[in-house]
Amino acid sequence: TPLAMRSVFSCCCLLLAQGGAAALVGQPLSQGRAGRRSAVGMVTAAPELKDKQQSFDTSIAEVPKCPETVWNSENIDLAAVQSPSRVLPVEITAADVPEGMSQEEFFRARRPELLEQLTAGGAIWLRGFDLMKTKEGFASFYEQLELEPCQDPLASVGARAVVDKKSAMYEAVNKPSRAKFFVGMHAESTYKRTNRLGAFVCFKQAETGGEFLLLDGHKMLKDLDPAVLRRLYDKGVRFSNAELPFFDFLRTLPEPLQPLKEPLKGVFKAVAQVAVGAKIDMELELRWDENEEDGLRLLAFSPTQPPVNRHPVTGEPAWFCNVHSHSRYLRDGRDGKLVESSGASKLNVTNMFYGDLSEVSADDLKHIDEVTMKNLVYVPMEKGDVVLVDNYQVMHGRDVFTGERLHAVTWFQ
């Protein structure tokens with residue numbers, strides 16, 4: 001009936017608005033993952049974040065929106081790219097604080113040097129500091145550096161829960177339901193919005209695993225096969241950020257109603273596009289896709305974008321492509337295919353295509369994964385540790401874990 005159709009559609013729009021972009025934080029990892037991937041048992045939510053994790057309230061009126069992405073990717077000479085002679089991350093410890101100087105005074109005095117090191121080195125690991133063991137101390141830390149917080153790039157869809165509005169602090173994928181999820185390497189970015197810097201803080205490390213991961217975008221660019229890189233750069237890429245899988249009933253309409261399938265698809269798509277455009281700050285285009293495995297669904301595509309981008313300060317090109325976290329092929333290969341349990345579970349499926357929406361070959365995706373995993377840097381953060389990341393040149397992720405894990409992040413303009 002028309003009323004039932006409106007109800008189905010309303011649910012679809014609500015789910016997309018509240019959960020669609022949550023896929024940006026990965027998919028479940030199978031227990032067959034080799035090396036550092038350990039089996040994950042039952043875990044309990046950290047009590048400090050329990051309510052915030054479930055709120056989906058990421059609007060912070062007092063904090064500016066995340067800045068728009070600075071795209072500068074034309075006419076990059078890929079053959080001339082040089083990999084910097086650096087090791088991620090730069091490490092600074094509490095032992096570096098001179099005797100008689102407080103940690104706050106240390107950060108305030110070292111501000112110009114630290115920011116220069118961050119731009120040159122891509123990431124800084126601050127270890128063993130007592131100041132950042134509390135939310136208040138963490139906020140004081142970045143205030144000494146005069147960093148200006150901004151909202152999460154995905155604030156409009158509530159993909160990341162707010163830990164503390166006053167300090168613009170977001171939850172960093174600690175939920176027990178995400179413990180088995182390997183968070184693929186990505187920049188905190190959408191086509192429309194990208195924060196320049198991020199500060200990731202550990203308030204409690206996991207019992208096992210859960211290491212923070214870094215990936216040097218300069219080294220990725222240098223190590224990728226030139227032919228693979230050229231194909232991606234010339235064609236551009238498009239990301240399917242979420243899907244609405246609730247329309248498969250249109251494929252099984254009774255025979256007398258079959259002529260309504262195409263008209264109804266047009267109505268659903270048109271109204272959904274308006275609803276998504278009004279709610280989600282991501283410039284998404286909805287497109288129908290239909291096959292026997294997935295059924296009939298609406299996919300939410302971001303515009304075509306380059307996989308390589310120049311740094312807004314240095315002008316140096318770096319790998320700036322979230323394929324490792326978004327590619328369905330790579331997730332299925334490392335995690336196993338998701339068991340279909342509900343429409344909501346399918347909502348979080350993401351993928352990446354060439355700019356013309358043709359498929360990226362399995363061989364090219366495997367190569368990208370191999371280069372990514374070869375260049376991964378594991379950072380076993382402890383309580384009070386902070387990792388500063390330059391988001392335009394260094395990607396981040398997170399390993400699977402057991403036990404309670406309490407990490408947070410604040411983004412900066």
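Four strands form an open, antiparallel sheet in the order β12-β13-β11-β16. Strands here are DSSP runs of E with at least two residues, helices are runs of H or I with at least four residues, and both are numbered from the N terminus. Two strands count as paired if DSSP finds at least two bridges between them. β12 (285-291) and β16 (351-354) stand at the edges with a single partner strand each, so one side of each has no neighbour in the sheet. On average, neighbouring strands of this sheet are turned by 40° against each other, direction ignored.

A word on the source. This is a predicted model, where local features need pLDDT of at least 70 and side-chain atom pairs count only at pLDDT 80 or more, while totals for chains, interfaces and linings use all residues. Residues are numbered from 1 along each chain as its sequence is written, and side-chain values use heavy atoms, with hydrogens and water left out.

β12 and β13 (residues 295-301) run antiparallel, joined by 7 bridges. Which residue of β13 is the bridge partner of E285? F301 is.

Now the helices on this sheet. α7 (residues 226-235) packs on the sheet and touches β11 (237-244) and β16. Its direction makes about 85° with that of β16. α8 (residues 261-279) also packs on the sheet, touching β12 and β13. The angle between α8 and β12 is about 145°. Axes are lines fitted to C-alpha atoms, for helices over the stretch in contact, and angles run from 0 to 180 degrees between N-to-C directions. Contact means heavy atoms within 4.5 Å.

Next, charges. The structure holds 24 salt bridges. The criterion is a side-chain nitrogen of Lys or Arg within 4 Å of a carboxyl oxygen of Asp or Glu.

Stay with α7 for one of them. D234 and R230 meet through their side chains at 3.1 Å, N to O. Both lie in α7, 4 residues apart, about one turn of the helix. Are they buried or exposed? D234 counts as exposed because its relative accessibility is 53%. R230, at 35%, counts as partly exposed. The cut-offs are under 20% relative accessible area for buried, over 50% for exposed, and partly exposed in between, using a 1.4 Å probe and protein chains only.

Compare R328 and D294. Their salt bridge is 2.8 Å, N to O. R328 lies in helix α10 (residues 328-335) and D294 in the loop between β12 and β13, so the pair ties together parts that are 34 residues apart in sequence. Both residues are buried. They also belong to a salt-bridge network with E243, D289, E293 and R297.

One further pair: K133 and D130 form a salt bridge at 3.1 Å, N to O. K133 is partly exposed, at 32% relative accessibility.

Now another strand. β8 (residues 197-204) is mostly covered, with 7 of its 8 residues buried. β8 runs antiparallel to β18 (residues 386-390), with 5 bridges between them. L197 has D390 as its bridge partner in β18. β8 also pairs with β21 (residues 406-412), again antiparallel, over 7 bridges. There, A199 stands opposite T410.

On to a loop residue. Where is N322? In the loop between β15 (317-319) and α9 (323-326). N322 counts as buried because its relative accessible area is 10%. What is N322 in contact with, beyond its neighbours within four places in sequence? M185, H186, A187, S189, F239 and M395.

A quick check on helix α12 (residues 362-374). The expected span is 1.5 Å times one less than the number of residues. For the 13 residues of α12 that gives 18 Å, and the end C-alpha atoms are 18 Å apart, which agrees. The buried residues of α12 are D364, L365, H367, I368, D369, V371 and T372.

Last, the whole chain. The secondary structure comes to 12 helices and 21 strands. Of the 413 residues, 56% are buried. Among contacts between residues at least 6 apart in sequence, 84% join residues at least 24 apart. The accessible surface is about 17,600 Å², with 52% of it belonging to carbon and sulfur atoms. Areas come from the Shrake-Rupley method with a 1.4 Å probe; for residues, only the protein chains shown count as cover.
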